[in-house]
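Visitor: I am new to this structure. Please pick a single part and take me through it closely.

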Amino acid sequence: MLSKEETQHIAKLARLGLSEEEIGKYQKDLSDILGYIDKLKEVDIEGVAPFTHSIEVSNVLRPDAKTERTKEELEKLRSQMPQTKDGYLKVRSIFEAQAD
Amino acid sequence: MESINELTDLTIKEAHEGLAAKNFSAIELADAHLSRAEKANEGIFAFLNIAREYALAQAKAIDQKIKDGKDLPLLAGIPMAIKDNIMVDGMECTSASKILENYIAPYDATVIKKLKERGAVILGKTNMDEFAMGSSTETSAFGATRNPRDLERVPGGSSGGSAAAVAARQCVAALGSDTGGSIRQPACFCGVAGLKPTYGAVSRYGCAAYASSLDQIGPLAKNVEDIQTVFEAIRGADPMDGTAVDFQLKPEKKQKYRVGVPKEYFIKGIDPQIEAAIRAKLDEYQRLGNEVVEISLPHAEYALACYYIIATSEASANLAKFDGIRYGHSAQKAKNINDIYLESRGQGFGPEVRRRVMLGTYVLSAGYYDAYYVRAQKVRTLIKQDFDKAFLEVDAIVAPVSPTLPFKIGENINDPLTMYLQDIFTISINLAGVPSLAVPCGKIGDLPAGLQIIGKHFDEATIFEIGKQMQR
């Protein structure tokens, strides 16, 4: 069983703001699912390589060149931004002012 | 002009012939489907967005082409519905999530570009489980879709809107996406056909990523011939998706096929009526001169546990981009940047998405990575090897799609594990990357039963041939 503190820690790592009630619910749900997942411990994986690709893949290369975007294409992207200033994405400051 | 009912009964091939012979126009064809979709949407809710003007403008252009006597590709004028995690330039694209509620797609997904080049008419965007996470279309932030065969029941998921739209004849064909069964299970629940292509057969560019090593876009349609037509149109290499490749479909057809039936798929938990329907279909197939043999996929029972580690790990990384900063729902009242992340994501993601992001975050976190993620990837190797070995003996594998008939709305939504067990027969196919075609196989009462035909990597041709025989 996951503890409440562990559940809160996971929510913090996942950047999910959850209520106390939600933490309690996910603590139970995740514990149930992890209990089921424990089934994998039955499998003998000695000497087995971890999976990488289901099909054969090779490197896909392209010329290292700049791709041009039209004004309209850029405007479509900008119009989705929550806040802009002078055509740039505006973001809240990431450092807090230091109190003296 | 034929009556509206007849127009919405047509397959792609029939509609194409009707358009070419000028029996009806592309506008009439689009309008018949749009009217049906609009009329039924309150009850079934297959569509999140019906784009009438947009569709009619496309249809008008096709009518002009017909009038000018230009070449008419098979898909020209064919009304199609698109799952709402696939971008259509200028249309809302929400993945049925509040976090993308007002998001307008800034470009076409590669599959949409290909459909448009062939003249397909896009009617709108279909409902789905939020970010394709679910097996019933009940986790949509905008309300559940109902099964057109029985409105009390779910249409399956996550591509439930697309399956319901095809079944209710609101479109001729549709696109969905399949990460663990999300095309095949709703196709089965709604009594239509659906294909999860080989991993790498179809570009995923422009489709909201859930679990990138498992996701594939594929078609849902009335029959296997139509599935093949749409698949041929959308597949192929794409500079924007390094995993998408070109390949030749095997041209030769066999006189008879050797089909394997995995013994691990017919054990406890499967509805005996579904098993009986599939066995009856296999007997019939054998009487046509084909061979049916029992095979073993010994690691089948571990697929679900393996999937929930791998899929949620990938989801927690893929969904990290929804940060409330660049686009989508943004908690602007939050006091600092960290609170913008926490509140935008806490408010924007629904309960199932949060559950899977939490699980993925946990299994990837320090100290647990080897115990969960690496172990799951090793089990995944064994699951794929099971298929490799089986395909040395058989041309294709036939299995159930879902262990149950369509269940009632609300029946499983509060019990995640029971809901996850819905995908027990579909998930190992995504883990192994092989293609699988779901086709209806009779009815139990009024509810459709279905089976899936699983093929070798890039051997869609064989499962289409077998599917065409089995759908009869």
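**A close look at strand β4 of chain B**

Guide: Let us take strand β4 of chain B. Bear in mind that this is a predicted model. How many bridges join β4(B) to strand β6 of chain B, and in which sense do the two run? There are 6 bridges, and the strands run antiparallel. The partner, β6(B), covers residues 216-221. One facing pair is B:Ala173 with B:Ala221 of β6(B).

β4(B) also pairs with strand β2 of chain B, residues 79-83. Here the sense is parallel, and 3 bridges make the link. B:Ala173 turns up again: B:Met80 stands opposite B:Ala173.

Now look at the cover. β4(B) spans residues 173-178 and is mostly covered. Of its 6 residues, 6 are buried. Follow the side directions next. B:Ala173, B:Leu175 and B:Ser177 point one way. B:Ala174, B:Gly176 and B:Asp178 point the other way. Both sets are buried.

Helix α6 covers residues 160-167, and B:Ala163 lies in it. Is B:Ala163 buried or exposed? B:Ala163 has 38 C-beta neighbours inside 10 Å, so it counts as buried. Leaving aside residues up to four places away in sequence, its contacts include B:Pro155, B:Gly156, B:Pro186 and B:Phe189. Also among them is B:Leu220, a position within the 216-221 span of β6(B). B:Phe349 is another matter. B:Ala163 and B:Phe349 are 186 residues apart along the chain, and 24 Å separates their C-alpha atoms.

Of the 100 residues of chain A, 15% count as buried.

Where do the two chains meet in this tour? Go to helix α1 of chain A, residues 4-13. A:Thr7, A:Ile10 and A:Ala11 are buried there. They cover an arc of only 100° around the axis, which puts them on the same side of α1(A). The buried residues of α1(A) pack against α2 (20-37) of chain A, together with α12 (351-364) of chain B. Just after α1(A) comes A:Arg15, with a positive phi of about 55°.

How values were computed
Residues are numbered from 1 along each chain as its sequence is written. Chains are lettered from A and ligands numbered from 1 in the order in which they are written. This is a predicted model: local features need pLDDT of at least 70, side-chain atom pairs count only at pLDDT 80 or more; totals for chains, interfaces and linings use all residues. A residue is buried if 20 or more other C-beta atoms lie within 10 Å of its own, exposed if 12 or fewer, and partly exposed in between; C-beta atoms are placed from the backbone. Helices (H or I, at least four residues) and strands (E, at least two) are DSSP runs, numbered from the N terminus. Two strands pair if DSSP finds at least two bridges between them. Two residues are in contact if their C-beta atoms, placed from the backbone, lie within 7 Å. The arc is that of the directions from the helix axis to the C-beta atoms.
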